[in-house]
Amino acid sequence: MSGYAVAQIDEIDEISDGRCPYRPVRFHFGITSFGVNAFTGREAGDRLINEHDESQENDLQEELYLVQRGRATFELDGERVDASAGTLVFVPPGIKRTAFAEESGTTIVALGGTPGKAYEPLGGELWMPLHHLYESGQYAEAADRGRELIEAHPEYAGPLYNLACCESLAGRTDDAIKHLQLAIDRNEPFRSLAAEDSDFDPIRGEAAFEALVSSRAAEPAPG
């Protein structure tokens with residue numbers, strides 16, 4: 001076995017959280033050193049990427065967009081940039097960005113990473129198809145289906161955190177604390193995120209939760 005892999009962009013199935021669908025290129029190939037996705041507009045005028053600015057403390061990603069085919073219009077802090085096939089658009093954190101297809105079938109490939117920080121895949125692609133259940137308040141169903149995802153891909157911290165959120169909201173206190181602990185074990189920043197996350201309000205008074213999100217919990221024991 002040589003270990004390499006080859007795929008056409010259109011061979012990678014799209015996933016969506018109800019907004020702009022995308023093709024999870026990183027997840028498809030099992031890439032762990034950088035993030036990469038592809039977005040295709042079926043018709044002219046379709047939004048290609050959700051508006052965002054990568055300014056949150058845990059993101060701060062630089063992003064590079066390649067118009068792989070078709071033609072797109074980027075909106076960058078209110079400025080419009082026309083981008084034909086072959087155009088590269090680099091956007092640092094803090095700049096609000098979105099893009100629209102100007103031709104049917106327009107495809108953008110996006111790569112991202114945080115300067116000075118090793119890339120860590122969180123597995124958000126796995127949870128994406130369940131996000132609509134969370135948004136509609138179907139927390140128990142989201143938790144049930146989320147457990148199946150985690151059994152298949154236990155290495156990702158993101159779905160574990162989201163599962164814990166849904167279990168908390170569904171009244172499954174013990175399960176929520178257990179899966180939040182696993183998420184924090186895999187990704188320490190989830191500790192401070194959980195401390196402020198309203199999804200955990202139903203279990204915030206539990207001693208086990210308070211101990212888990214306490215800043216002291218992250219401190220090494222004295223030698």
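**Figure 1. Surroundings of Phe209 in the predicted model.** Leaving aside neighbours within four places in sequence, Phe209 is in contact (heavy atoms within 4.5 Å) with Ile177, Leu180, Ala194, Phe200, Ile203 and Arg204. This is a predicted model, in which local features need pLDDT of at least 70, side-chain atom pairs count only at pLDDT 80 or more, and totals for chains, interfaces and linings use all residues. Residues are numbered from 1 along each chain as its sequence is written, and side-chain values use heavy atoms, with hydrogens and water left out.

**Figure 2. The largest nonpolar core.** A nonpolar core is a set of buried Ala, Val, Leu, Ile, Met, Phe, Trp, Tyr and Cys residues joined through side-chain atoms within 4.5 Å. Buried means under 20% relative accessible area, exposed over 50%, and partly exposed in between (1.4 Å probe, protein chains only). The largest such core has 25 residues, and Tyr161, Leu180, Phe200 and Phe209 have the most contacts inside it. Two or more residues each come from helix 4 (139-152), helix 5 (157-169), helix 6 (173-186), helix 7 (190-196) and helix 8 (207-213). Helices (H or I, at least four residues) and strands (E, at least two) are DSSP runs, numbered from the N terminus. Helix 5 gives the most to this core, with seven residues. A second, separate core has 18 residues, among them Val67, Ala72, Ala83 and Val91.

Figure 3. Helix 4 has 14 residues and reaches 20 Å from its first C-alpha to its last, close to the 20 Å expected at 1.5 Å a residue; the expected span is 1.5 Å times one less than the number of residues. Ala142, Ala143, Gly146 and Ile150 are the residues shown as buried in helix 4. They lie on the same side of helix 4 because they cover an arc of only 95° around the axis, the arc being that of the directions from the helix axis to the C-beta atoms. The buried residues of helix 4 pack against helix 2 (124-127), helix 3 and helix 5. Exposed residues Glu148, Glu151 and Ala152 are carried on the face turned away from the buried side.

Figure 4. Ser136 is found in the loop between helix 3 (131-135) and helix 4. Its relative accessible area is 45%, so Ser136 is partly exposed. The side chain of Ser136 makes a polar contact with the side chain of Gln138 (2.8 Å). Such a contact is a pair of N or O atoms within 3.5 Å; within protein, one must be able to donate a hydrogen and the other to accept it, and residues adjacent in sequence count only if both atoms are side-chain atoms. A polar atom of the Ser136 side chain also lies 3.2 Å from the backbone oxygen of Leu133.

**Figure 5. Glu63 in strand 3.** Glu63 is placed in strand 3 (residues 62-69). Glu63 counts as buried because its relative accessibility is 11%. The side chains of Glu63 and His52 make a polar contact (3.1 Å). Leaving aside neighbours within four places in sequence, residues in contact with Glu63 include Glu54, Val89, Phe90, Val91, Arg97, Leu111 and Gly112.

**Figure 6. Asp77 in its loop.** Asp77 lies in the loop between strand 4 and strand 5 (79-84). Phi of Asp77 is near 50°, a positive value in a residue other than glycine.
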